[in-house]
Amino acid sequence: VGRFQEAEASYIQATKSRPTDWYAHMLLGLFYYQRERYPEAEAELKRAKSLTPDNDLIYRNLGSIYILQGRYREAAEELQRALKIKSNAPTYAALAGAYFYQHRFQEAVSAAETAIDLDSSGYRFWGNLGGYYKWAPGNEAKAEPALRRAIELAGKFLETTPADYNVRASLAEYRARLGDAKGAMAELESIPQPARRSRASQLAVAYELAGHRDKAIELIRSNLTSPATLNQIKDDPDLAALWKDPAFQKTINRR
């Protein structure tokens with residue numbers, strides 16, 4: 001409900017009440033993660049890891065934080081440690097992302113395919129794989145079927161949660177990747193301004209691939225965005241041309 005100071009105080013009190021409880025530290029770390037306070041999130045998750053060193057969930061969340069900070073090699077290391085403890089689809093999917101932003105595209109494809117082998121019901125797994133196929137030589141023809149499967153699964157998800165803006169943002173990206181600029185723009189226009197900041201990098205991909213770079217630049221300017229978002233834009237090959245655009249550089253240099 002937006003009462004973040006009270007939420008933080010409650011989480012901190014939980015860690016003080018039971019300082020050896022890893023779960024309280026993890027929840028506080030995830031709170032900081034959601035608030036884009038990544039150094040504090042990392043510190044709490046490391047405290048949790050010291051209390052439960054064989055817990056794959058901690059390693060996966062640490063890996064996700066490192067990805068957002070552009071620390072992809074460290075992210076991959078944490079995620080690989082998680083997989084040694086427990087093999088599961090979300091961790092393989094996160095590892096695929098770490099490889100993708102390092103431009104290790106074939107490894108990204110392999111990790112994403114493994115995620116789908118373990119759980120074929122996740123629309124994000126299929127959508128991300130479609131994006132990775134584009135950049136992995138010899139796999140380009142597989143991109144369209146993967147993206148269409150992602151759209152199908154996301155559409156089923158929306159039947160029960162029609163106002164889920166994460167799904168809308170993903171659908172905008174997938175439609176743009178398939179060349180459906182009109183469909184992508186319709187999805188983008190359904191996302192209200194307050195919901196755009198945390199999804200800025202994904203929305204920028206959709207605008208860029210739909211041929212609306214001006215809107216991508218305006219999106220970043222008006223949501224001027226955490227360093228984590230800029231890392232994702234800088235390192236995403238689909239946004240390489242956007243990153244080099246003088247108008248975009250002028251926008252981010254005003255930060």
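Helices here are DSSP runs of at least four residues, numbered from the N terminus. The structure is a predicted model, and in it leucine 219 lies in helix H13, which covers residues 213-222. Leucine 219 has a relative accessible area of 3% and is therefore buried, since buried means under 20%. Beyond its neighbours within four places in sequence, leucine 219 is in contact with Arg196, Ala200, Leu203, Ala204 and Tyr207. Between leucine 219 and alanine 48 there are 36 Å in space, C-alpha to C-alpha, and the two stand 171 residues apart in sequence.

The largest pocket has a volume of about 1800 Å³. Of the 46 residues that line the largest pocket, Tyr33, Leu68, Arg124, Asn128 and Gln232 are the closest to its centre. Several helices contribute at least two residues each to this lining, among them H2 (22-34), H4 (56-68), H6 (89-101), H12 (200-209) and H14 (227-235). Helix H8 (123-135) is also in that group, and H8 gives the most to the lining of the largest pocket, with seven residues. By class, the lining of the largest pocket holds 20 nonpolar, 17 polar and nine charged residues.

Rolling a probe the size of a water molecule over the atoms shows where empty space is left. One cavity of 30 Å³ or more is counted in this model, and the largest cavity has a volume of about 30 Å³. The residues that line the largest cavity are Ala93, Ala96, Ala112, Ala115, Arg124, Phe125, Asn128 and Tyr132. H6, helix H7 (105-118) and H8 each supply at least two residues of the lining of the largest cavity, and the largest share, four residues, comes from H8. In the lining of the largest cavity, six residues are nonpolar, one is polar and one is charged. Arg124 and Asn128, which line the largest cavity, are also among the residues closest to the centre of the largest pocket.

Helix H10 (165-177) is another contributor of at least two residues to the lining of the largest pocket. H10 has 13 residues and reaches 18 Å from its first C-alpha to its last, close to the 18 Å expected at 1.5 Å a residue. At the start of H10, a side-chain oxygen of aspartate 164 comes to within 2.9 Å of the backbone nitrogen of asparagine 166. The buried residues in H10 include Val167, Leu171, Tyr174 and Arg177. The buried residues of H10 pack against H8, H9, helix H11 (181-189) and H12. Just after H10, glycine 179 takes a positive phi of about 85 degrees.

The loops complete the picture. In the loop between H2 and H3 stands glutamate 36, whose phi is near 65 degrees, a positive value in a residue other than glycine. Glutamate 36 counts as partly exposed because its relative accessibility is 24%. Histidine 103 is found in the loop between H6 and H7, and phi of histidine 103 is likewise positive, near 65 degrees. With 42% relative accessibility, histidine 103 counts as partly exposed. Threonine 52, in the loop between helix H3 (38-51) and H4, counts as buried because its relative accessibility is 9%. Apart from residues up to four places away in sequence, threonine 52 touches Trp22 and Ile58.

Methods
Residues numbered from 1 in each chain as written. Predicted model: local features only at pLDDT ≥ 70, side-chain atom pairs only at ≥ 80, totals over all residues. Heavy atoms only, no water. 1 Å grid on protein atoms, 1.4 Å probe; cavity = no way out; pocket = protein on both sides within 12 Å on 5 of 7 lines; lining within 4 Å. Points joined across faces, edges and corners; volume = space filled by probe spheres on them. Nonpolar A, V, L, I, M, F, W, Y, C, P; charged D, E, K, R; others polar. Expected span 1.5 Å × (residues − 1). Buried < 20%, exposed > 50% of the residue type's maximum accessible area, 1.4 Å probe, protein only. Contact = heavy atoms within 4.5 Å. Polar contact = N/O pair within 3.5 Å; in protein donor to acceptor, adjacent residues only side chain to side chain.
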